[in-house]
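This briefing concerns a single structure and is intended for a reader who will examine the coordinates directly. Please keep the structure in view while reading the points below.

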Amino acid sequence: MATLNVPPALTSPRDDAIQLYRAFKGFGCDTSAVINILAHRDSTQRMLIQQEYKTMYSGDLLKRLSSELSGKLETAVLLWMHDPPGRDAIIVKQGLSSDTLNLEAATEVICSRTPSQIQTFKQHYHAKFGVHLEHDIESHASGDHKQLLLAYVSVPRYEGREFDNQMAQNDAKALYKAGEKKLGTDEKTFIRIFSERSAAHLAAVNSAYHNMYGNSLKKAVKGETSGHFKHALLTILQCSENPAKYFAKVLRKAMKGLGTDDTTLITVVVTRTEIDMQYIKAEYLKKYKKTLNDAVHSETSGHYRAFLLALLGPNQ
């Protein structure tokens, strides 16, 4: 679990609530003070600050933040204020709603989470929105993509590191037969193996596939599938091997070329800060010979930049 870079002056949630209230008062908002406090508090602290704020000022801190901040900074801060499962639920719900349909964002969250993370955010999803996650997948996804997501959120998978080598080889064989070896693709086999096997097992299938057929399973998936289905399979596969490397790639893609995909940038930085950000930063530096902080610094500006960099922590 990543620890946040909490400044030495450890204040109480009550003090933080008072400081935030002061930052909102007067002419304009003291945005730097807001960033300084919130970016350095972990999930539990942020929840306690919200409770204290409500008790002392009988107001909703999230609503107040929403009215004081705007644009990308507002989006990032509001997302950060939730705990990880609540946040995942919000991103997936937005991705699976007709007016903000973003199947890519919903797929990314679902297919990159561990089975226990999925179970927790499914409960949050139902509690928050009064509807089951499966219902929304059923309504908004389609075809093989839908079948894969439905299986992925409902099959309990093993989370340990052990796997059976023989079984991994059998799966590699089955995937080869279902894909590269035949005309057309037997998607059901891909769905079954990708949704039922543990991350450690899938990583073993990947290396068995390479040893047996001299080709990577990733390349086979790219050649045999398309669209959201392909994206879901690749996310599952890459996260089974190295989630940090996968997210380093996602961040690079969001910042490459003309313009920045801020939605993706915000989502990844905010959702991974308390999970594996130091590993993502290391992978980013290794692969792109530039620190993630420097990349974010050159693609963003103002308070929005300050907030993301505060979440990222030291530039290394």
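The model is predicted. It contains 13 salt bridges and 11 aromatic pairs, and its largest pocket has a volume of about 660 Å³.

**Salt bridges**

- R113 and D88 are joined through their side chains by a salt bridge, with an N to O distance of 2.8 Å. This pair connects distant parts of the chain, since R113 belongs to the loop between helix 7 (103-112) and helix 8 (115-129) while D88 belongs to helix 6 (residues 84-95), 25 residues apart. Both R113 and D88 are buried.
- A salt bridge also joins R197 to D171, where the closest N and O atoms are 2.6 Å apart. Here too distant parts of the chain are linked: R197 lies in the loop between helix 12 (187-196) and helix 13 (199-213), and D171 lies in helix 11 (residues 165-178), 26 residues apart. R197 and D171 are both buried.
- R272 pairs with D276 in a salt bridge whose closest N and O atoms are 3.0 Å apart. R272 counts as buried because its relative accessibility is 3%, under the 20% limit. D276 is likewise buried, at a relative accessible area of 7%.
- A network of salt bridges links R46, R87 and E274.

**The largest pocket**

- The lining of the largest pocket comprises 29 residues, and E104, E108, H231, V250 and K253 are those nearest its centre.
- Two or more lining residues come from each of helix 7, helix 14 (217-224), helix 15 (227-241), helix 16 (243-255) and helix 17 (262-272). Helix 16 makes the greatest contribution to this lining, with 7 residues.
- By class, the lining of the largest pocket holds 11 charged, 9 polar and 9 nonpolar residues.

**Aromatic and charge-over-ring contacts**

- Y21, F24, Y53 and Y57 form a cluster linked by ring pairs.
- R46, a member of the salt-bridge network with R87 and E274, also lies over the face of W80, at 3.7 Å from the ring centre.
- R157 places its charged end over the ring of Y152, 3.7 Å from the centre of that ring.

**Backbone angles in loops**

- Most residues other than glycine have a negative phi. Two exceptions are described here.
- S58 is not a glycine, yet its phi is positive, at about 35°. S58 occupies the loop between helix 3 (43-57) and helix 4 (61-68). Its relative accessibility is 68%, so S58 counts as exposed.
- K289, also not a glycine, has a positive phi of about 55°. K289 is located in the loop between helix 18 (277-288) and helix 19 (292-299). With a relative accessibility of 68%, K289 counts as exposed.

**Burial of helix 17**

- Helix 17 is largely enclosed by the rest of the structure, because 10 of its 11 residues are buried.
- The buried residues of helix 17 are D262, T264, L265, I266, T267, V268, V269, V270, T271 and R272. Of these, R272 takes part in the salt bridge with D276.
- Helix 17 is also among the elements that give two or more residues to the lining of the largest pocket.

- P115 lies in helix 8 and is buried, with a relative accessible area of 15%. P115 and L258 are separated by 143 residues in sequence and by 36 Å in space, C-alpha to C-alpha.
- Q169 lies in helix 11. Its relative accessible area is 33%, and Q169 is therefore partly exposed.

Notes: Residues are numbered from 1 along each chain as its sequence is written. This is a predicted model: local features need pLDDT of at least 70, side-chain atom pairs count only at pLDDT 80 or more; totals for chains, interfaces and linings use all residues. Side-chain values use heavy atoms; hydrogens and water are left out. A salt bridge is a side-chain nitrogen of Lys or Arg within 4 Å of a carboxyl oxygen of Asp or Glu. Helices (H or I, at least four residues) and strands (E, at least two) are DSSP runs, numbered from the N terminus. Buried means under 20% relative accessible area, exposed over 50%, partly exposed in between (1.4 Å probe, protein chains only). On a 1 Å grid over the protein atoms alone, a cavity is a set of points where a 1.4 Å probe fits but cannot get out, and a pocket is an open set with protein on both sides within 12 Å along at least five of seven lines; lining residues have an atom within 4 Å of a point. Grid points are joined across faces, edges and corners, and a volume is the space filled by probe spheres set on the points. Ala, Val, Leu, Ile, Met, Phe, Trp, Tyr, Cys and Pro count as nonpolar, Asp, Glu, Lys and Arg as charged, and the others, Gly among them, as polar. Rings of Phe, Tyr and Trp (its six-membered ring) pair if their centres lie within 6.5 Å; planes under 30 degrees apart count as stacked, over 60 as edge-to-face and the rest as tilted. A charge sits over a ring if NZ of Lys or CZ of Arg is within 6 Å of the ring centre and within 35 degrees of the ring normal.
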